[in-house]
Amino acid sequence: MILKVARLGHPALRQKALDVEIKDIKAGKFRPVIDDMIETMHAYEGVGLAGPQVHLPLRVFVFEVEERVAKRRGVKSLGVGVFFNATYEPIGDETITDWEGCLSVPFLGGDVPRYKNVRLRGIDHEGEKVEMEVEDFTARIFQHEIDHTDGRVYLDRMPDLKTLGYTIVL
């Protein structure tokens, strides 16, 4: 089922989400909503979708970098996945500024600085702890989605709103 995506201005996007109980993940309580989130992400042609974006005040996000997106971005594709209770920390100080958009801020995008390399910690779909290091576009996706679970949107990270513009070329 395709879920309704909260748009900028909706209070769901500005609330800090709650951690998910590991026992509930292991019991499979979130499988249906995860399937719906993935279907919604695909329907909107996104690379990530966080719980707060679909009115779910929980620290969860789904992600995928399909082959066509990977080729356009010049990065590796990334299979569909989910993280619960994710946090990140930068590895080094290097940042990359790149164009970023959001399903909750349709038709707009802008230049957003993000850490080039981050260490991600979270829980996978089976309720197991995961720690991984990611870089470049994948790091950008994870930072963007974790921001959503912290009540932030990419606009909050833009040092200059003059780069904000339309993502659709007519």
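1. Basis. The model is predicted, with local features needing pLDDT of at least 70 and side-chain atom pairs counting only at pLDDT 80 or more, while totals for chains, interfaces and linings use all residues. Residues are numbered from 1 along each chain as its sequence is written, and side-chain values use heavy atoms, with hydrogens and water left out.

2. Five-stranded sheet. Five strands make an open, antiparallel sheet in the order β1-β2-β3-β6-β7. Helices (H or I, at least four residues) and strands (E, at least two) are DSSP runs numbered from the N terminus, and two strands pair if DSSP finds at least two bridges between them. At the edges are β1 (48-50) and β7, each pairing on one side only. On average, neighbouring strands of this sheet are turned by 40 degrees against each other, direction ignored. Angles in this note run from 0 to 180 degrees between N-to-C directions, and axes are lines fitted to C-alpha atoms, for helices over the stretch in contact.

3. β1 and β2 run antiparallel and are joined by three bridges. Gly 48 stands opposite Phe 63 in β2. Helix α2 (residues 31-43) packs on the sheet and touches β1, β2 and β3; contact means heavy atoms within 4.5 Å. The direction of α2 makes about 45 degrees with that of β2.

4. Aromatic pairs. There are seven aromatic pairs in the structure. Rings of Phe, Tyr and Trp (its six-membered ring) pair if their centres lie within 6.5 Å; planes under 30 degrees apart count as stacked, over 60 as edge-to-face and the rest as tilted. Phe 61 and Phe 83 have ring centres 5.8 Å apart and planes at 40 degrees, so this pair is tilted. The pair links distant parts of the chain, with Phe 61 in strand β2 (residues 60-65) and Phe 83 in strand β3 (residues 78-90), 22 residues apart.

5. Three-stranded sheet. A further open sheet has three strands in the order β4-β5-β8, with antiparallel pairing. Its edge strands are β4 and β8 (165-166), each pairing on one side only. Eight bridges join β4 to β5. Gly 101 has Gly 109 in β5 as its bridge partner. Helix α4 lies across β4 and β5, at about 55 degrees to β4.

6. Largest pocket. The largest pocket has a volume of about 800 Å³. On a 1 Å grid over the protein atoms alone, a pocket is an open set of points where a 1.4 Å probe fits, with protein on both sides within 12 Å along at least five of seven lines; lining residues have an atom within 4 Å of a point. The volume is the space filled by probe spheres set on the points, which are joined across faces, edges and corners. Of its 27 lining residues, Glu 45, Gly 46, Gly 101, Cys 102 and Leu 103 are the closest to the centre. α3 (67-73), β4 (95-102), β5 (105-115) and α4 (136-149) each supply at least two lining residues, and α4 gives the most, with five.

7. Second largest pocket. This pocket holds about 210 Å³ of space. Its lining includes Val 75, Lys 76, Ser 77 and Leu 78, together with Val 134, Glu 135, Asp 136, Phe 137 and Thr 138. β7 (129-135) and α4 are the elements that give two or more residues to this lining. The largest share, three residues, comes from α4.
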